[in-house]
There are 2 protein chains.
Amino acid sequence: MDKPLKYAVFGAGSWATAIVKMLSENLNEIGWYMRSVYTKEHLLREQHNPNYLSSVEFHIEQLKLSNDINEIAEYADVLIFVIPSAFIHSELEKLKVDISNKIIVSAVKGIMPETELLVGEHFHDIYKVPYENIAVIAGPCHAEEVALERLSYLTISCADQNKATAIANSLSSDYIKTKITDDVIGVEYAVMLKNIYAIAAGIAHGLGYGDNFQSVLMSNAIREMKRFIKKVHKMKRNINNSAYLGDLLVTGYSVFSRNRMFGNMIGKGYTVKSAQMEMNMVAEGYYATKSAHELNLKNTKKTQMPIINAVYEILYENKNPKTVFMKLTEKLD
Amino acid sequence: MDKPLKYAVFGAGSWATAIVKMLSENLNEIGWYMRSVYTKEHLLREQHNPNYLSSVEFHIEQLKLSNDINEIAEYADVLIFVIPSAFIHSELEKLKVDISNKIIVSAVKGIMPETELLVGEHFHDIYKVPYENIAVIAGPCHAEEVALERLSYLTISCADQNKATAIANSLSSDYIKTKITDDVIGVEYAVMLKNIYAIAAGIAHGLGYGDNFQSVLMSNAIREMKRFIKKVHKMKRNINNSAYLGDLLVTGYSVFSRNRMFGNMIGKGYTVKSAQMEMNMVAEGYYATKSAHELNLKNTKKTQMPIINAVYEILYENKNPKTVFMKLTEKLD
């Protein structure tokens with residue numbers, strides 16, 4: 001490629017802000033689309049995002065900010081989507097630009113509830129983006145630690161390893177190490193499933209289970225994740241790599257994870273609705289639970305996934321968390 | 001077996017006390033050897049261990065307490081050793097009773113520094129206990145949570161699965177679930193290695209690395225552990241089972257782990273000696289690091305174990321933790 005690729009980030013949450021920060025270590029210009037006019041104006045005036053990672057100061061001359069998704073989509077060669085899965089569908093409805101020849105990177109942590117597709121699949125099916133132009137960014141990585149420039153590792157997966165490398169290079173810095181893989185589907189499912197396990201960890205904590213149980217839960221979760229991903233996309237992968245196990249751990253052990261917090265409230269007796277109202281948001285894992293459950297129902301030979309099933313029964317069948325977890329503990333080892 | 005087996009616990013630390021509590025849910029009588037006359041007198045008078053898990057009340061009529069190791073060794077059929085690896089050698093020197101026909105259970109978390117043998121190997125070599133009579137108890141299990149009767153899972157490994165089952169049954173209760181395996185050597189090494197990784201986690205924390213890095217460290221640690229154990233004892237095992245991964249996580253993520261605390265002090269700049277003096281004890285992982293390092297040196301085809309090597313360089317070669325970890329971060333992924 002002669003001209004350097006132009007990058008843009010879509011979204012203005014904490015993870016989007018962290019990714020813009022990473023890119024700003026390497027690139028002269030970054031496109032940044034955000035829905036909120038207020039956020040854009042605040043960024044222009046104060047050089048930081050008013051709502052997320054507000055300690056991160058940007059050099060405004062590096063940023064091409066816009067509230068027009070089409071302007072930024074037109075501008076960039078590499079489009080990094082970092083919009084929560086619950087909102088990405090309605091955001092994308094505004095998109096009129098042909099993006100079929102662009103590189104699409106998903107940093108969305110979940111599945112799209114409207115279509116039940118992985119974000120990559122959605123871009124392939126609806127926008128005719130070829131699979132070799134679709135990449136996924138996975139952690140383990142709390143955005144808050146990126147703000148603090150604490151050493152973090154990212155995994156970039158893309159069927160085209162040259163593109164994975166290019167994206168990885170644009171994100172790497174003193175405090176960000178990257179590796180690449182071609183397991184796009186496996187990584188995307190892992191990112192989705194870990195949120196369900198984080199809800200499970202939260203429920204367990206809310207019910208009064210301790211650290212001993214938490215470690216057994218995580219040990220069972222990674223085995224369940226391996227079975228699940230193997231069923232949907234069989235290939236040689238080491239499930240203990242950072243993109244799978246590491247990401248599960250950073251989420252499952254984090255007291256800051258919104259999925260874990262949501263689970264904790266459920267475990268303590270909140271209803272799903274009141275927990276969502278209290279948190280003023282819907283945790284990604286809530287949708288992921290339904291999708292994973294339904295995906296498994298479709299398979300003729302079902303995967304044993306007692307943890308996901310337990311979370312499903314609690315969130316969607318209104319079953320008592322205490323009773324469900326009592327039964328779950330018999331299935332773990 | 002016609003007569004029920006008689007059980008005895010050797011040691012009076014927190015893990016020993018927790019094991020006596022588990023046994024007391026099932027057995028009418030438990031032998032309990034402890035070195036300290038004061039501890040024994042206190043237990044008789046106050047029904048609890050003065051130094052560890054003192055919230056646990058025992059029924060004294062269930063306990064056969066003694067400060068004479070030979071009396072308790074003579075009494076029991078199943079001898080459960082729960083003495084720190086640094087002290088077990090000197091304790092065993094008092095043992096005059098023939099124990100070659102007894103069942104020996106190791107709940108010692110480490111390797112014996114004097115002989116560099118796993119505890120099971122020591123009993124086999126020195127006391128002529130056949131391997132089918134040697135068992136190991138592994139977690140993941142903090143003793144403190146046993147005191148609180150929080151649900152915990154144990155793995156009992158023994159080449160003779162009937163004996164493993166008998167021991168597991170004597171430990172099971174409402175709050176203790178057990179599973180059995182025949183991977184005695186693998187489990188014993190896992191128990192030893194996790195303490196080294198807990199030291200590494202502590203050093204990282206002391207140096208200011210965050211949760212993102214911790215999850216990458218644990219993800220690399222379990223892969224390293226798998227390579228190490230496979231080299232010393234090749235058999236089919238799932239390294240993500242609770243006895244391996246679960247135990248690693250409960251120790252590596254615990255702020256109460258003495259190994260992690262020791263590492264944390266090293267990371268913060270204490271010398272090994274001053275950290276040990278401050279803690280008034282030697283963390284098991286300190287010896288384990290040396291043993292694992294030397295074991296690997298003996299192999300012609302060495303295992304890649306960057307984490308253990310890093311801890312070794314810091315603890316035994318007086319290298320700067322910051323520099324060593326900077327290099328280590330390049331080797332992780």
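How many salt bridges does the structure hold over all chains? The total is 30, where a salt bridge is a side-chain nitrogen of Lys or Arg within 4 Å of a carboxyl oxygen of Asp or Glu.

Before I go through them, a word on the ground rules. This is a predicted model, in which local features need pLDDT of at least 70 and side-chain atom pairs count only at pLDDT 80 or more, while totals for chains, interfaces and linings use all residues. Residues are numbered from 1 along each chain as its sequence is written, chains are lettered from A and ligands numbered from 1 in the order in which they are written, and side-chain values use heavy atoms, with hydrogens and water left out.

Let me begin with how the two chains are arranged.

The contact, meaning heavy atoms within 4.5 Å, takes 37 residues from chain B and 37 residues from chain A. About 3,100 Å² is buried between the two chains, and carbon and sulfur atoms give 54% of that area; buried area here is the accessible area (1.4 Å probe) that two parts lose on being put together, summed over both. On the chain B side, B:Tyr153, B:Asn212 and B:Asn240 lose the most area to chain A, together 21% of what that side buries. Four salt bridges are counted between chain B and chain A. There is also a salt bridge between the side chains of A:Lys179 and B:Asp333, at 3.2 Å from N to O.

B:Asp333 has a partner within chain B as well, since its side chain meets that of B:Arg223 in a salt bridge of 2.9 Å, N to O. This pair links distant parts of the chain, with B:Arg223 in helix α9 and B:Asp333 in the segment after α15 (321-331), 110 residues apart; helices (H or I, at least four residues) and strands (E, at least two) are DSSP runs, numbered from the N terminus. B:Arg223 counts as buried at 11% relative accessibility, whereas B:Asp333 is partly exposed at 28%. For these words, buried means under 20% relative accessible area, exposed over 50% and partly exposed in between (1.4 Å probe, protein chains only).

In chain A, A:Glu91 forms a salt bridge with A:Arg35, their closest N and O atoms being 3.6 Å apart. A:Glu91 lies in helix α4 (residues 85-92) and A:Arg35 in the loop between β2 (30-33) and α2 (37-46), so the pair ties together parts that are 56 residues apart in sequence. A:Glu91 is buried, at 4% relative accessibility, but A:Arg35 is exposed, at 55%. The charged end of A:Arg35 also sits over the ring of A:Phe87, 5.9 Å from its centre, which requires CZ of Arg, or NZ of Lys, to be within 6 Å of the ring centre and within 35 degrees of the ring normal. In chain B, B:Glu91 is buried at 4% relative accessibility and meets B:Lys94 in a salt bridge of 3.0 Å, N to O.

Finally, the aromatic residues. Over all chains there are 27 aromatic pairs, counted when rings of Phe, Tyr and Trp (its six-membered ring) have centres within 6.5 Å, with planes under 30 degrees apart called stacked, over 60 edge-to-face and the rest tilted. B:Tyr189 and B:Phe228 have ring centres 5.9 Å apart and planes at 55°, so this pair is tilted. It links helix α8 (residues 184-207), which holds B:Tyr189, to helix α9 (residues 211-232), which holds B:Phe228, across 39 residues, and both residues are buried. The pair of B:Phe262 and B:Tyr286 is edge-to-face, with 6.3 Å between centres and 85° between planes, and both of these residues are buried too.
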